[in-house]
Amino acid sequence: FFAAIPPAPADGILKLSVLSKADANPSKVDLGVGAYRTDDGQPWVLPVVQEAERRLASEPSANHEYLAVGGLPALTSGAQKLIFGADSPALAEGRVYTIQTISGTGANMVGAVFLKQFKPQRDAAIYISRPTWGNHRSLFQTAGHEVREYRYCNYESLDLDIDGMLADLRAAPPSQVVVLHACAHNPTGIDPTEAQWEAIADVMAERGHLPFFDCAYQGFATGDVDRDAFAIRLFAARGFELLVAESFAKNMGLYGERTGCLHVVVANAEQLPAVSSQLNRVSRATISTASAYGAKIAGTVLQDPALYREWLDNMQTMSARIKAMRAALRSRLEALHTPGDWSHVTSQIGMFSFTGLSTTQVAALRDQYHLYMTDDGRISVAGLNSHNVDYVARAIDAVVRA
Ligand code: PMP
């Protein structure tokens, strides 16, 4: 049965993490992993999450029963308001169904399997940005879709190639599915401006494309949950039907608890019972029910006004530290007169920065300086801290001049 199966291509990020873990050099800096780190380089359990955990532990009726197929209502109802806004017309009109998923990846997957059966055109392809999160292509292909790319990054200026993006979306056949990063685009950190989002929405409407938002960094990107939901709310306000995959991995630090939701907005509330029952069926067939513990934590935080406010503060702490590290790296590179323009380090947002370093420079940084980043030159800014940023800047300076 199994003799003819070729090995799967190595996953760049997982390979990097193995190499980095095996490197015992004290100068090592891991800028690969997409997880928040404190200024001491440690994982951070959000104080608001610790408080929610204390409350959950003291509940006399706490148990480990299954959740319902749709998930924990405290989570799904809170997550809807977070994404669409408490005053969202789509929510008021009963046009949104939300199902709990296995974090953002699971939300993408439930959406992908659902669309395989019910996408606007039977032969519609899934359009992903070039570049995109390393798992998008594999995920949508695994669900049986044809995957195509639209231009996104101008690799010269390290800015958005808005003309290329609009041209590709316009040239695509009508009624395709377009995956859009809601904020803090991974891996580039380059987001459209509000005016550019309007232009993207114009073309999407003109061509009848279905937006599939991937929202893995709401509140983590700018520290402002409403600002980070701008694109989703714009498309919803303009009457699009759409999907949103939402992750609580980064913004609540619940990575391994696998907490997320998939939201589907339909044109007419009458369509909701059929759509929700199909989504429940897909989820039941693949995971049966989602994970309970992270959902209880996130549900507690989202439903309690005081905890919710504390969560917004905790997100500010993370996003402010990341912004400070962007500024620190840029100013050190500029002080060293490192050849090149480093303004993109601070104009990009979110966890990642697309440095523009070549694969050869990335390899030199790894081999000579014990500095780990993905081959495309993406760094996780969360891996920088006040103890290592000087070293990182000097290492980058040296390989750029080599
Ligand atoms: N989409 C994007 C764009 C991401 O960056 C990530 C996290 N790396 C995810 C989805 C999914 O993450 P998770 O499954 O951990 O929520």
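Predicted model: local features only at pLDDT ≥ 70, side-chain atom pairs only at ≥ 80, totals over all residues.
Me: What makes the largest nonpolar core a core, and which of its residues touch the most other members?
Reply: A nonpolar core is a set of buried residues such as Val, Phe, Ile and Ala, joined through C-beta atoms within 7 Å. The largest one here has 112 residues, and Val110, Phe213, Ile232 and Ala298 touch the most other members. Helix H13, residues 305-335, gives the most to this core, with 8 residues.

Me: Why is this core said to lie between domain 1 and domain 2?
Reply: Domain 1 (12-44 + 320-401) and domain 2 (73-307) both give residues to the core, and therefore it lies between them.

Me: How do you know which residues Phe213 touches?
Reply: Two residues are in contact if their C-beta atoms lie within 7 Å. Leaving aside residues up to four places away in sequence, Phe213 touches Leu180, Ala182, Ala231, Ile232, Leu242, Leu243, Val244 and Ala245.

Me: What makes up the side of domain 1 that touches domain 2?
Reply: In this pairing, 18 residues of domain 1 are in contact with 20 residues of domain 2. The largest share of the domain 1 side, 3 residues, comes from E11, and by class that side has 9 nonpolar, 7 polar and 2 charged residues.

Methods:
Residues numbered from 1 in each chain as written. Buried ≥ 20, exposed ≤ 12 C-beta atoms within 10 Å, placed from the backbone. Helix = DSSP H or I, 4+ residues; strand = E, 2+ residues; numbered from the N terminus. Domains from an automatic or database assignment. Nonpolar A, V, L, I, M, F, W, Y, C, P; charged D, E, K, R; others polar.
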